[in-house]
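Let's take a look at this one together. We'll go through its charged pairs and then turn to the ligand.

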Amino acid sequence: MSGTLRIHVDPDKCQGHARCKSLAPELFELDALGNAHEIGDGTVPAGLEDKAWLAQANCPEFAIAIKEE
Ligand code: F3S
């Protein structure tokens, strides 16, 4: 079995397209400028892995990194 996923938004790459938040509101939040941040420490709760991958695939700035731990 693979381990837990952890997401991270690169603040230098994020341009606030907000697709991540639309696709996976459980995993991303937007700051006052509209830029995304992972919620908490970025650990993806069981069952939300597909949403994490979907959000990553839909970020036009390639700002979302996913690590398997
Ligand atoms: Fe930023 Fe990409 Fe989300 S640009 S707001 S991480 S879709």
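## E69 and its partners

E69 is partly exposed, with a relative accessible area of 45%. Keep in mind that this is a predicted model. E69 forms a salt bridge with R6, and the closest N and O atoms there are 2.9 Å apart.

K67 counts as exposed, at 51% relative accessibility, because the cut-off for exposed is over 50%.

## R6 and D41

Now for the other end of that first pair. R6 is partly exposed, its relative accessible area being 27%. Besides E69, R6 has D41 as a salt-bridge partner, with 3.6 Å between the closest N and O atoms. Here too the pair links distant parts of the chain: R6 is in strand 1 (residues 5–9), D41 is in the loop between strand 3 (36–38) and helix 2 (49–58), and the two are 35 residues apart.

## One network

What do salt bridges that share partners do with R6, D41, K67 and E69? They join these residues into one network. As background, side chains of opposite charge can pair when their charged atoms come close. A search of the whole structure turns up four salt bridges.

## Around the ligand

Where does the ligand sit? You'll find it in the largest cavity. Part of its surroundings is a run of chain neighbours, C14, Q15, G16, H17, A18, R19 and C20, and the ligand is also surrounded by A36, C59, E61 and I64.

Sorted by class, the shell around the ligand has six nonpolar residues, three polar ones and two charged ones. Among the residues in that shell are the charged R19 and E61.

Terms used: Residues are numbered from 1 along each chain as its sequence is written. This is a predicted model: local features need pLDDT of at least 70, side-chain atom pairs count only at pLDDT 80 or more; totals for chains, interfaces and linings use all residues. Side-chain values use heavy atoms; hydrogens and water are left out. A residue is near a molecule or strand if one of its heavy atoms lies within 4 Å of it. On a 1 Å grid over the protein atoms alone, a cavity is a set of points where a 1.4 Å probe fits but cannot get out, and a pocket is an open set with protein on both sides within 12 Å along at least five of seven lines; lining residues have an atom within 4 Å of a point. A molecule sits in a cavity or pocket if more than half of its atoms lie within 2 Å of its grid points. A salt bridge is a side-chain nitrogen of Lys or Arg within 4 Å of a carboxyl oxygen of Asp or Glu. Helices (H or I, at least four residues) and strands (E, at least two) are DSSP runs, numbered from the N terminus. Buried means under 20% relative accessible area, exposed over 50%, partly exposed in between (1.4 Å probe, protein chains only).
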